Amino acid sequence: MRYPKLFALFLKSSLLVELEYRSNFIAQALMGVFWAVVTFVSVALFFQHTTMLGGWSYGQALVIVALFTMTEGVTQMFLEPNLQRVVAMVRDGTMDFVLTKPVNSQFIATLRHVRFSGATNLMIGAGLIVYAMAQLSYAPGATQLALFALMFGLGMLMLYSIWLAMSASAFWFVKIDNMQELFRALWDTARFPISAYSGVLRALLTFVLPVAFMTTFPAQALLGLLEPETLVIAVGLCALLFFLSMHFWRRAIGNYSSASS
């Protein structure tokens, strides 16, 4: 029970920091709203000229937009504020203070800080899902909701694993800004259904940089369109990425010489 209690303390201390700088919190929340609107408009423009996008109707595509927005919220809340600090701590030698604490270094390095302004994206995404369901005149059942929760959780764990591996590479390369920018550029493809892409790009976005498992496949689960083999692949791929990222993290901290050597 030590780790859940620690995480609760992390949430409390992060919230106190956010409340101390309320103007910054409001500004970041408004930026989240702005980019969510941009994402919505960019997809809506496609449907001004067509009724289907990769076999998905407007209402169905809105579910993917909602999940893209929610995933952005998860990234802003948990991944960016922590894993960007990892790069900075490696650069200036303060990673020592993490590695010497009597707690798992990966846990404290990747979950210590929470940026609550990212919750705006989560709420907007949830609202978009409700709106999309109304557009489709569709109400998911308990099975669909359970599969959706599972697929979305697996997708977020895959995203965490990718960010962890990128940040851990800073132990060798120190500056990895270009790598994160490249991921961000490729991540923008997740706002559209994976079926809108073809050939090598589709395979890349499914198995190499698995953005399909973060938006398209959870949307299929919610809409009752998920194929059983996709769920099996998701579980296997998630387990593989998480194991590899953990192994890479352990190798990385073993390569760290610390500020005092």
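Trp35 lies in helix 2, which spans residues 22-46; helices here are DSSP runs of H or I with at least four residues, numbered from the N terminus. This is a predicted model, in which local features need pLDDT of at least 70 and side-chain atom pairs count only at pLDDT 80 or more, while totals for chains, interfaces and linings use all residues. Residues are numbered from 1 along each chain as its sequence is written, and side-chain values use heavy atoms, with hydrogens and water left out.

Together with Met31, Phe34 and Val38, Trp35 makes a nonpolar surface patch of about 400 Å². Such a patch joins nonpolar side chains within 5 Å, from residues with over 30% relative accessible area and no salt bridge (a side-chain nitrogen of Lys or Arg within 4 Å of a carboxyl oxygen of Asp or Glu), and the areas come from the Shrake-Rupley method with a 1.4 Å probe.

The structure holds 13 aromatic pairs, counted where ring centres of Phe, Tyr or Trp (its six-membered ring) lie within 6.5 Å, with planes under 30 degrees apart stacked, over 60 edge-to-face and the rest tilted. The rings of Phe171 and Trp249 have centres 5.7 Å apart and planes at 90°, so this pair is edge-to-face. Because Phe171 lies in helix 8 (residues 170-173) and Trp249 in helix 12 (residues 228-254), the pair ties together parts 78 residues apart in sequence. Both Phe171 and Trp249 are buried, that is, under 20% relative accessible area.

Thr206, in helix 10 (residues 199-208), also counts as buried, because its relative accessibility is 9%.

Terms used:
Patches are made of residues with over 30% relative accessible area and no salt bridge: like charges are joined within 9 Å, nonpolar side chains (Val, Leu, Ile, Met, Phe, Trp, Tyr) within 5 Å. Helices (H or I, at least four residues) and strands (E, at least two) are DSSP runs, numbered from the N terminus. Buried means under 20% relative accessible area, exposed over 50%, partly exposed in between (1.4 Å probe, protein chains only).
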